[in-house]
Amino acid sequence: MRRHPRALLVEILLSSAETLKEHFLNPSNVGEAGEPRFTGRAVSVSCGAVVQFSVQVDQAHNILQAKFRAVGCDVLISASSLLSEAVTGMSTAEAANDVHSQSFVEEFAEIDDNRSACVALAGSALISALQDYSNTARDEWSGDDALICTCFFVSEQTIEREIQNRGLTTVGEVTRVCSAGGGCGSCHQLIQEIIDSVALP
Amino acid sequence: MIYLDNNATTRIAPEVAEAMLPYLTKFFGNPSSAHALGREMKQAVENARQEVAELIGAADTSEVVFTSCGSESDNWAINGALATQPEKKHIVTTQVEHEAVRNLCQQLETQGYEVSWIGVNSEGELDMEGLRQALRDDTAIVSVMLANNETGVLFPISEIGQLVRERTNALFHVDGVQAVGKLPIDLKSWQVDLFALSGHKFHAPQGIGALYMRRGVDLPSFIVGGKQEDGRRAGTSAVPGIVGLGAASRLARLEDDHDTVLDLRNLLEDSILNEIPNARLNGPADRTKRLPNTSNISFEYVEGQNILTHLDQHGICVSTGSACHSSSHESSPTLRAMNVPYTTAQGSIRFSVGRYNNDAEIRETLNVLPGIIRKLVDMSPYEKELKALYAKKA
């Protein structure tokens, strides 16, 4: 069963003080993931924190390793450590779906307190690493039909068909109908371009 | 616990606690009362005033007025100086003052006062030429700290006092909070009109401070009420605290621990700077330009808050110059005024040694610290920069 997309970061944010402290003092997964490695970075302009995630992904699109480096507050380090543990073993689609940050950072930030921004920053870095993976996978795809959504393996043809048959006009609608764009979000621009091209007279 | 945060506050000296005890028990009177108990209290207050006056080299005992803290003294000095010269609307201060002065002056800026904020160089030393040029006929007050709380950098008060006298009729206020008890102070030979000090920075309890007012400088009472302190500050005298401040002043004057503190600080500072490749001193390398007890050291490309938490795990207490508030991470205004790069300011730690520290504590700190820094360095995404620093050192 798929969890609510926000669940993972919320769980981290609501971790006990002891858990956060333990992960700060002895963080898991510090460093670089093995090859093939995909990396992403997130920087906070307001607080100066920098966090970098790298993931190693196998042929079946499962995350074998998730590793991080960070300079920032104690919470950022705890969150990165917890997040790296949580997504190890997940498929990239699952992880992206669980962590997807862009769309809800603001809403999420209202949940609590001064720590949400730090937790969200770790999430952004991981998403960025997953997008690096998706972009690479898309470029390397050698099937007959162009692959658009590399998280849920949705082809250009499928997306085009759904748009035409159902008269879809937004990326959100496409995602609801065929999951395309529901993961890391790296294909949103491509889906929008397909919508635009189908809509042309 | 290893307490290396003596610029934040200090332990109450046993001698001070002992001196205070009778005033927490049997001597409970009001020094304003006319009976025997009141007279006993009054005498204790005047003895303490004498001790404080001697410590700071006041020409006359009556120049010392007791307050509740350093911030009250600073606020009173500045607000009082402005109140006595209503026609003057200009203030001169520095970019690196304690909040008690900085935030007050910022507030005054919104109330029609013009403030000249004098800068410092990259080592934290005051821009004397900038100060000279800022002084004007309508300058009401010049407010400058003697020792910076974060870096320990000393400002040349005697020289500044002369400059102020030569160029203006402004009152000269010195925030001496961080310096008293750590340096010899001789106000009668300096051209200082107002001088703030705080007891808890030199082994008196929290909640007691004093303002020195040069004879002839008469500020209106900051608190409206009775005629205590010769009508200069209303409010029943806080006798136990005042007695404690007197005892701490006596201790600071007679028990010379400056050399021990200096040796411990130097050992700590030298070892850190020698052994840790990304360690960098904030402040002048020339130690005569700094307090004998303070080292502000940045560990580049790592986060000060992380270092503090790790040291805390080992029972070692320090401060960091950077503070993370919800969505903003502000490096200290002092380090910003010194133009310390962000990635350096972010990792700043203030070590401040005191009279109750010993060699073993410093060695224990030096034992623990490199491992903590190494751990954070290994975690930092600034791998290239750190690799270069570590290669250079090796």
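At what angle do the axes of helix 7 and helix 8 of chain A cross, and within what distance do they come? I will start there, after a word on the model itself. This is a predicted model, in which local features need pLDDT of at least 70 and side-chain atom pairs count only at pLDDT 80 or more, while totals for chains, interfaces and linings use all residues. Residues are numbered from 1 along each chain as its sequence is written, and chains are lettered from A and ligands numbered from 1 in the order in which they are written.

Now the helix pair. The axes of helix 7 (residues 156-166) and helix 8 (residues 171-178) of chain A come within 10 Å and cross at roughly 105°, where axes are lines fitted to C-alpha atoms, for helices over the stretch in contact, and angles run from 0 to 180 degrees between N-to-C directions. The two helices of chain A are therefore roughly perpendicular to each other, a term that covers 65 to 115 degrees. Helix 7 of chain A contributes Thr158(A), Ile159(A), Glu162(A), Ile163(A) and Arg166(A) to the contact, and helix 8 of chain A contributes Val174(A), Val177(A) and Cys178(A); two residues are in contact if their C-beta atoms, placed from the backbone, lie within 7 Å.

Turning to chain A as a whole, its secondary structure comes to nine helices and five strands, with helices being DSSP runs of H or I of at least four residues and strands runs of E of at least two, numbered from the N terminus. Of the 201 residues of chain A, 47% count as buried, meaning that 20 or more other C-beta atoms, placed from the backbone, lie within 10 Å of the residue's own. In helix 4 of chain A, residues 92-99, seven of the eight residues are buried, so this helix is largely enclosed by the rest of the structure; among them are Thr92(A), Asn97(A), Asp98(A) and Val99(A).

Finally, the interface: 20 residues of chain B are in contact with 18 residues of chain A. On the chain B side, two or more residues each come from helix 10 (304-313), strand 13 (322-325), strand 14 (328-331) and helix 13 (359-379), and helix 10 of chain B gives the most, with four residues.

As for confidence, chain B averages a pLDDT of 95, with 98% of the residues scoring at least 70, pLDDT being the predictor's confidence in each residue, from 0 to 100. For the complex, the predictor gives an ipTM of 0.85 and a pTM of 0.91.

Note on methods
Buried ≥ 20, exposed ≤ 12 C-beta atoms within 10 Å, placed from the backbone. Parallel < 35°, antiparallel > 145°, perpendicular 65-115°, else oblique.
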